[in-house]
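Morning, everyone. Have a look at it first.

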Amino acid sequence: MIIRPDTVPAAATVGVAETSNSAVLVTVAHDGTLLDRRRIELTDRGMPTHPHHHEGSWAVGRYLKTPGARSQSLAEAVVLVERVRASATRGAREALDALAVAVSVPITGIALRACPELPPTIEERITDNRAQTAADSVMYREALATAAAARGWTVSWYERERVFGEAADALGRQDIDAFLSIMGRSVGPPWQAKHKLAAAAALAATAPPAQRSR
């Protein structure tokens, strides 16, 4: 859905709230005008959504007694992750291309949830008990970051615990919740917690870096 302002702002930023292989994108002008909201799927239909956490875990002997689990080798799991990653890379590129065409305001940046530090290889991410729980989400965020950087957009990383305060600072407001509620009422449902998070991330990314790091 696109919400066109009466006057055309100079630039816009996309905020992202991802869940598994899908994501909500909320595009906001730097004056706080909502320009677009949409939900995207990053991978092709029928592909596994958590290849590190599910199929990768099965390959190293975890969760084999859960429904749907099947035996496979670590090498097979790595190949599967690579296939899903390639699909996500393509899906992210196509989704951002479509968004850039739909929004008349030049998009200059994207804000994504900060990624935890993980081992560098797929094999290590699968075999590390902590890393495999986060690796799939990181893979999808990295796909969007790569696609955005290829378009020349600035990539910002936000912390969920701080982003609403940073959004309030960027707008010079104390009550960001009220601002986001008004934004949601202006377009109607769906306007859920993930939409508010994505909008706050976009707004926070418009602030100077020094202000965001406080």
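Which strands does H2 lie across? H2 lies across strand S1 (12–19), S2, S3 and strand S4 (107–113). Against S3, H2 runs at about 155 degrees.

Some ground rules. This is a predicted model, where local features need pLDDT of at least 70, side-chain atom pairs count only at pLDDT 80 or more, and totals for chains, interfaces and linings use all residues. Numbering starts from 1 along each chain as its sequence is written, and side-chain values use heavy atoms, with hydrogens and water left out. Helices (H or I, at least four residues) and strands (E, at least two) are DSSP runs, numbered from the N terminus. Axes are lines fitted to C-alpha atoms, for helices over the stretch in contact, and angles run from 0 to 180 degrees between N-to-C directions.

Now the sheet. It is open, has five strands and mixed pairing, and its order is S3-S2-S1-S4-S5. Two strands pair if DSSP finds at least two bridges between them. Strand S3 (34–41) and strand S5 (154–158) stand at the edges. Each has a single partner strand, so one side of each is left without a neighbour in the sheet. On average, neighbouring strands are turned by 20 degrees against each other, direction ignored.

Take one pair. Strand S2 (residues 22–29) and S3 run antiparallel, joined by seven bridges. Ala23 stands opposite Ile40 in S3.

Back to the helices. Helix H4 (residues 131–150) lies across S1, S3, S4 and S5, and runs at about 170 degrees to S4.

Next, helix on helix. Helix H1 (residues 51–59) packs on helix H2 (residues 74–102) at about 165 degrees, axes 8 Å apart. That makes H1 roughly antiparallel to H2 (over 145 degrees; under 35 is roughly parallel, 65 to 115 roughly perpendicular, the rest oblique). In contact, meaning heavy atoms within 4.5 Å, are Pro51, His52, Glu55, Gly56 and Ala59 of H1 with Leu74, Ala77, Leu80, Val81 and Val84 of H2. By class, that is seven nonpolar, two polar and one charged. Ala, Val, Leu, Ile, Met, Phe, Trp, Tyr, Cys and Pro count as nonpolar, Asp, Glu, Lys and Arg as charged, and the others, Gly among them, as polar.

How do H1 and H4 cross? Their axes come within 7 Å and cross at roughly 135 degrees. H1 and H4 are therefore oblique to each other. Pro51, His52, His53 and Ser57 in H1 meet Gln132, Thr133, Ala135, Asp136, Met139 and Tyr140 in H4. This contact has four nonpolar, five polar and one charged residues.
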